[in-house]
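Please open the structure in your viewer and keep the selection panel at hand. The tour below moves from one stop to the next, saying what to select and what is there.

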Amino acid sequence: MMRHVGNSLRQMVRTPGRTVLFLLLLSLSSILLTLGEGLYLMSEQTVKKLESVFTTIGTVQQTHDEMTAQKVWDTEKKAYLDVASHAEYHSIIPVEKLYFEGANYIHPPVHRPYYGATHPDFTYRDDSYIRVMAQTRDRLPIVEVTPLQDCVPDHTVRLKLLRELYGRNGAAGREVQEWETILFCDHYNPNPKTLYAGKTYVMALEWRRSHAEWQRTHTGVDRLSGEYFPRSSDTNYGLSTQYLPDGKKIPEQFPMQERWDVVTEGFYDTPEGQRWLELAKAMEQLEHTIPVIPTDSTKLLMSFFNGNATIIDGRDISEKEYQSGKRVCLISQELSQMHGYSVGDTVPLPLFFADYRDSASRDFPPDSLPIGIPNHPLNAEGKAYQVFDDNQYVVVGIYNEINKATSSSGYDMAGYGVVVPAASIRSSDENNILDYGPMMGYNTVFQIPNGTIDQFRKAWEKQGIDGLEINFFDKGFTSLKESLDKIKQIALALSVAGIMVSILILLLFCHLFIGKQKKRTAIERSLGMNKLSCTTSLLAGILVIALLGSAIGSVIGYIFTGSAMSLFTSQAQGQIYSTAFSSWASAGGELNELPFEAGAVSPIVCLFTIAYLLVLSFGIALAQIRQNLKSEPLKLLSMREN
Amino acid sequence: MSMLSVRGVGYIYQSKYQSIEAVKNVSCDFHSGKLYAVTGPSGSGKSTLLSLLAGLDLPTSGEILVEGKSMASLDRDRYRREIASVVYQSFNLFPLLTALENVMYPMELLGKKKSEAVETAIQMIGEVGLGEKIYQQFPIMMSGGEQQRVAIARALSAGGKILLADEPTGNLDSANEENVVELLRTLAHKQGFLVIVITHNPYVAEQADEVYRMRDGELQTDGRV
Ligand SMILES: Nc1ncnc2c1ncn2[C@@H]1O[C@H](COP(=O)(O)OP(=O)(O)OP(=O)(O)O)[C@@H](O)[C@H]1O
Ligand SMILES: [Mg+2]
């Protein structure tokens, strides 16, 4: 048997041109096939990998109906000045509008608040903090004052400080001194009311620089210390912005009628008087307040989504914990450092207000001190908010934000922040809504399956709802997927080409090596070689060449696949970098490069190609051989050679 | 018992367009130890009859008996391998094998050891009057006479008891012709082979023990010379 094979191979080798051509063409088709298979598998695996690494989120933002510019009187300039215009919304579009047919959410959008958690333990051990906190008190005091003589405060006047409800002396543990005065001007009021000597006024103040004229004519402390204006001089000013859950504002029971109240005997027993005490209490409470961000997934927080915030100790909150509302939390590195909390510790989170308008990072800026929301910290009854949910949370991870916001985009994590599963807060915040506003990119985020942005957009457009702007972020998934789909198509084309070419080549060469060798078969048969031996001797020749060709070709094809793969990886890196956060970058974020690598293809594809080509060769060759063996040798041998 | 008995054998070449009756109702007997010659004009069916005797196909009609057993019931592969060898009119050498390899081929099919096969092949090539220089030559590099003698050597190397030769001397000079005829006679008379030779050559026919003449596919009776 081996000798037949030897004779058969010998005869192939003795037509080297033909045999080498066969080998080369077969290698070529093997390259095409392996490259096709390899690229197909690679893109398939890469898509899978992308699916697991990437997430697609959308942010919802109500577009404002108009921008209103506000004019404010400036006493110093004796003129109305433009202050920054602000967005006006005629009505608030509810998040339910986004629950429409065709919206396929992994995490549906939720108009999420941030919560304030207050606890006496949340004190600041840092010396610099105490200094800044003193400055805060200095900047936003609540005081009783009396003018030295009757005056209209349309210029800088000196008021005697009688008492601090909230102020720097209190922070330093001192009493107000007999000789203490402050400088005052009802700076933003075109028609200031007269202050009468002998009357005691209570007011919430804010510090500003002294007038230029004052600085010119005074020296020393007086020149430098600046002056105060009443915080309530803002036209929309109220001590409360409490809302109902449906977004309706609750009218204040005791609105401020004037920029200050006159303190008379028993004033602090009246609701108006109580209100000032509550305001001071609320201000003090804010010094022990940290922001709590409830969410359904860490990925829905933009900073985490884009890799700006990362967990540096412990682990992320698991999908299960998010779903079941387990009382676990991620805490910021600052909070961990300030209080010595570490992974596994328990943190009390007594929640006392919910803010549906602003972003925690604006009220509690990262890397700064939580000055909070001092302008409207009371509820509609004029009282400080009471804790509505008081539970202990286990720290599972500590996060750090690499590029802390320098802008006020609102997308960053808050300073001293805590992230908890939204479902863990089971008490209703309906009586503790400190503020409420339209959906914003930083507070309304949803997740959809990767690659479904277009589908979502189309379904959304069908709803015909105006006034909402939806932005999608997928870190370049869509464009990567598109390139991968293209690669897949090319891979399919290569495979099809490889299959066609291999069939043609095998048909041609089996014809040359077998069909055209009918005479040889006839001679073999005439010498008494049986059909089986004839078959094996012819097959062996073809199969040896097929094995050689397909092996060489598949190895080359595999190498090509590898280079195509690394080329794609390097291009994809660029793609992620350039497109991923373009819109995010404009929102003030920093770009972060993601580690990305194309899926690896196992060398088993080579075996597939080889097996395919061997089976194909076997089939085609066998068909040809059967054709040769069909007729008896007599007729073939009796024909003259041409 | 005759080695080969031909009983009413006919053979028809069937093609799409026509059928040619090359052999018609032939009956005769061939005995071991004898040299037979078959003559006849071109196209009379000599080669066809020889091929049937070689078991390259079964007759369309009638039957051929090998030592009394019908050819149809035999393993014809084995018959060709072990009993009957043929020297073809057109030699039918493997063009891509050397002279030596061609001659060795039947022995390889019989499973002989390679060294033994080489030895026998060299011997056979010598017997047909060819030298060493032919061993590594491919058929295309040989003259017609050389090819013919390699074909004879190949047929001899198989060592079967029947040798069928179709114009084995057609391309030979008279010296070689004599040599080959002598070889065939020796095979038949000394070694007990059944040798059947087709020939147009009167000298070759003269050397045969019995001569058959064919015409239009029929075997003429009383062909003895
Ligand atoms: N393969 C074939 N197909 C069809 N007809 C054939 C075939 N081989 C031979 N014939 C026909 O069969 C008849 C007998 O041919 P054959 O070769 O047996 O004659 P021959 O006596 O050997 O002639 P020659 O002396 O020329 O060799 C011829 O008429 C020929 O045309
Ligand atoms: Mg003939």
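Two strands are said to pair if DSSP finds at least two bridges between them. With that in mind, and remembering that this is a predicted model, select strand β3 (residues 35-39) of chain B together with strand β8 (residues 194-198) of chain B, which run parallel and are joined by four bridges. If you pick out Ala37(B), you will find that its bridge partner in β8(B) is Val197(B).

Now widen the selection to the whole sheet in chain B, which is open and has six strands in the order β6-β7-β8-β3-β9-β10, with mixed pairing. Its edge strands are β6 and β10 (218-220) of chain B, each of which pairs on one side only, and the twist from one strand to the next averages 20 degrees. Helix α5 (residues 144-158) of chain B packs on this sheet, where it touches β6 and β7 (162-166) of chain B, and its direction makes about 180 degrees with that of β6(B).

Next, select the magnesium ion (ligand 2): which residues coordinate the ion? They are Ser47(B), through OG, and Gln89(B), through OE1, at 1.9 to 2.4 Å. Ser47(B) lies in helix α1 (residues 46-53) of chain B, whereas Gln89(B), 42 residues apart from it, lies in the loop between β6 (84-87) and α3 (99-109) of chain B. Ser47(B) is partly exposed, with a relative accessible area of 25%, and Gln89(B) is also partly exposed, at 31%.

Finally, go to chain A and select Asn432(A), in the loop between β17 (418-421) and β18 (433-436). Asn432(A) counts as buried because its relative accessibility is 6%, under the 20% cut-off, and its contacts include Phe352(A), Tyr385(A) and Phe388(A).

Key:
Residues are numbered from 1 along each chain as its sequence is written. Chains are lettered from A and ligands numbered from 1 in the order in which they are written. This is a predicted model: local features need pLDDT of at least 70, side-chain atom pairs count only at pLDDT 80 or more; totals for chains, interfaces and linings use all residues. Side-chain values use heavy atoms; hydrogens and water are left out. Donors are N, O and S atoms within 2.8 Å of the metal (3.2 Å for Na, K and Ca); water is not among the atoms, so sites may look incomplete. Helices (H or I, at least four residues) and strands (E, at least two) are DSSP runs, numbered from the N terminus. Buried means under 20% relative accessible area, exposed over 50%, partly exposed in between (1.4 Å probe, protein chains only). Contact means heavy atoms within 4.5 Å. Axes are lines fitted to C-alpha atoms, for helices over the stretch in contact, and angles run from 0 to 180 degrees between N-to-C directions. Lists of a residue's contacts leave out its neighbours within four places in sequence.
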